[in-house]
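Here is a short report on one protein model. Have a look at the structure first, then read on.

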Amino acid sequence: MAKFSRRKFLVGTGLVGGGIVLGISFMPGRLATIRKHYTVKGAEVLTTWVRIAEDNLVTVLVPHSEMGQGVHTTLPMMLAEEMEADWDLVRMEQAPAHQLFANDAVSKGFLLQGERLPAILNPPADWASYKLAQLLDVQTTGGSSSIRFTGEFGMRTTGAAVKEMLIRAAADKWDVPRSECVARLSHIVHEKSGAKASFGALAEAAAAYEPNPTPTLKDKSDFTIIGTSKQRFDIPPKVRGASVYGIDADVPNMRIAVLKAAPVFGGTVAKMDKSSIAGRRGIEDVVQIPDAVAVIGDNYWRAHAALADLSVSFDAAGHGDVSSQTIFSRFRAALDADDAKTNIAQGDVSIDGAQTLEADYQVPYLNHAAMEPMNCTAHVKDGKCEIWVGAQDPLACRGHAAKVLGLSAEDVTVHPLMLGGSFGRRSGVLMDYIERAVLIAAQVDYPVKVIWSREEDMQQGAYRPASISRFKAKLDDKGAPISWENHYIRDEERAAVHIPYAIENQSIRVSEVDTHVPYGVWRSVASSQHGFYIESFMDELAHAAGQDPVAYRRPLLGDNPRHLTVLDRVADMAKWGRKLKKGRALGVALRESFGTVVGQIAEVSIEDGSPRVHQIWCAADPGDVVNPDGFIAQMESGIIYGLTAALYGEITLENGQVQQENFPDYEMLHLATTPDIHVDIIRSGAKLGGAGEPSTPPAAPAVTNALFALTGQRIRVLPLKNHDFA
Amino acid sequence: MTIKLTINGVRHQLDVEPDMPLLWALRDELKLTGTKFGCGVAACGACTVHVDGQPVRSCSYPIDAAANTSVTTIEGLGDADGNNAVQRAWIEHQVPQCGYCQSGMIMAVTALLDDNPTPSDDDIDAAITNICRCGTYPRVRKAIHELAAAHKKNRKG
Ligand code: FES
Ligand code: FES
């Protein structure tokens, strides 16, 4: 880590109320692989802030949103580890905080000159947060990026730099060599003399030193915090109902708006007649924006009921005859037309094989359906805009609001609130929630909380794209694959179609078909489709070869030892090959995404004609893990998300619009239908991988492969609810 | 219409339409936002509160049905130490992820255990039909079992 070469600069340290505030910035110019996960353009600069108070509390300012993945705890863990802080004395705050830009000009000057923090800047969080907002163009939470990027390159280095400064302060004070002082549990100790001082007591003196931009990082084997399970900071308020989510925003003089957007995407408001709801109790305004109307009142229920009675019609922008069927026909036509772009061409796929297999796979559109319906609170007045929102990328929200309103970013303030789930919906890819809220707010002079009903959330999504993938493979006379051809629809994430298996001849091609359906990133992005496709087709090859699906994959993983280890581990966990209860079968799938390799085995049966998943074994190699219990929770979560999609997930279109409305017709796994889940973590030491997404892709193929083993029915089209298992 | 009811031990008089769902009286009239809106059609359980000790889905429960009752929301659930046993178990087992469903989940589980302190898996499956999009179900089940085990032990001891 210490020799990781990139430009860094320090933005300075500062003294506040006897404590120290330290911020370190990086400009990691060459992090190309990480960069592609960010949706915000511009220089990548990462600033980490930490505050040490006189009472010896260390507060880490975390520049990412908490959406349930535990990042508000894992990132402070990484900083505390390097700093040798006593975990019980570590706190976190999300940045940016309120009054974000109160100290705009002063902060900027300070930033540019790299001078010490002026005393007038109080409380320090405002200043620190401002700095983050200015510099941190990579603020987004998503792409499983927060730990891998902010944690590794920001938190750890800052923690180590602060430790060095504290040691220096102690050594100077006691007049002993620095090398004789050690940091331990939020104290600096000089063992020879028995001298000991708390971080808090040394902070003021430490602040006078220049931070070292390349401190020595700890060796993994010396970790005492990283790699241990810690309770999450965000959980105690959550069990008391005290966390403030976007939908809980409460601003003085605020009203509540309920909106209805054109049901056919791309459509606009054709006609609206407010008279049908004139004089209703609690209703204050009815506003129209190009593609939606909103009823504004003092209570959600009143506004929602009035909206239902509002006379409004929308046009269909020429998409009124589009259905799921017409979309899939166009996909199929594109595969038949054969005018694809090449993604991979390797060897010669026209060689002869002893056996040829062909199959088409298909998945539908999916909605994120986070538990918290989409919402955004905005106040637009006198050329300024204030926003309260739970979003993965508050900075992108700021930029988008500015663009929509024709303001400069400086005039927009974003107050980040807790996210009631996101899974990609609240990312910066499609910020319809910002756009509609600020356009509505711009028409009134009070703050307005715009809430999507569940039906609106369902029908105005940023959908996981539907797609089709066509495969052809040839096997030699021993059943080994010698060619792999894949032609698929939609280039969402190019690497997602690459296979980890050593097959000499490959042709992978893509065709683009545009539809009017808005799409977004959905938990695990393109791996959610291609994981299912590739791992199902591999299972087909194994069965065609008359071989065991685990044994079949093993020799093909020679170039990918992590995959092989994961496969062997999960086979071990599930006791693959054992005799099962009658009516049960196992299926296996293996998938790397976001740097983490995950293998899963599902045990299934058929109950009353429907698939039932009893167990999932999951082995995961994220390289290393910061908070093991939190990582396991993410694996469980991702598996259940993937199973829900495999069993039930389907958004369909008819007459250009989404048919599903609410949970009754967009079904979810419940407690009663959740399998037992067993997770093993493999700490291979590879570069840190993601946690939030990689367990989703293998869930579907593990289940469908198990169903094939049980019934002989090969499932090539999801979801499973549309199939009969007699 | 004036509706009188007690919420978390405090008496309230609300001048609202009788068919306003209890959820929106709590959230928008009284600013008790710990109770969450998830679906509005009694399908998800995010809005679960107790009316005279019974769990109800407040999004689909008209306020006049709650007249002259005692309502408990997540904000009023804790005992003198702050959290009730379920809330403490939720911290110990690190149940919540995004946490949005958990107010309702905790209300539903508290009601289940008040009624049946040692539920079987089938009892749990039948009673806890709340949706958690983050998939915290395995931990919910484990925490309930542990609470039931503690109850059994206390009874014996
Ligand atoms: S919001 Fe009441 S059950 Fe979903
Ligand atoms: S914890 Fe997120 S929905 Fe349950």
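## A pair in the sheet

V182(A) stands opposite V189(A) in β7(A). The model is predicted: local features need pLDDT of at least 70, side-chain atom pairs count only at pLDDT 80 or more, and totals for chains, interfaces and linings use all residues. Residues are numbered from 1 along each chain as its sequence is written, chains are lettered from A and ligands numbered from 1 in the order in which they are written, and side-chain values use heavy atoms, leaving out hydrogens and water.

## The sheet and its helix

β6(A) and β7 (187-190) of chain A run antiparallel, joined by 4 bridges. Strands are DSSP runs of E, at least two residues; helices are runs of H or I, at least four; both are numbered from the N terminus. Two strands pair if DSSP finds at least two bridges between them.

The open, antiparallel sheet has 3 strands of chain A, in the order β6-β7-β8. Its edge strands, β6 (181-184) and β8 (195-198) of chain A, each pair on one side only.

Helix α6 (199-206) of chain A lies across β6, β7 and β8 of chain A.

Chain A is divided into domain 1 (9-231), domain 2 (246-317 + 374-451) and domain 3 (325-365 + 463-722). These bounds come from an automatic or database domain assignment.

Which residue forms a salt bridge with K220(A)? D624(A) does, with the closest N and O atoms 3.4 Å apart. A salt bridge is a side-chain nitrogen of Lys or Arg within 4 Å of a carboxyl oxygen of Asp or Glu. Across the interface of domains 1 and 3 of chain A, the rule finds 1 salt bridge.

Methods:
Contact means heavy atoms within 4.5 Å. Axes are lines fitted to C-alpha atoms, for helices over the stretch in contact, and angles run from 0 to 180 degrees between N-to-C directions.
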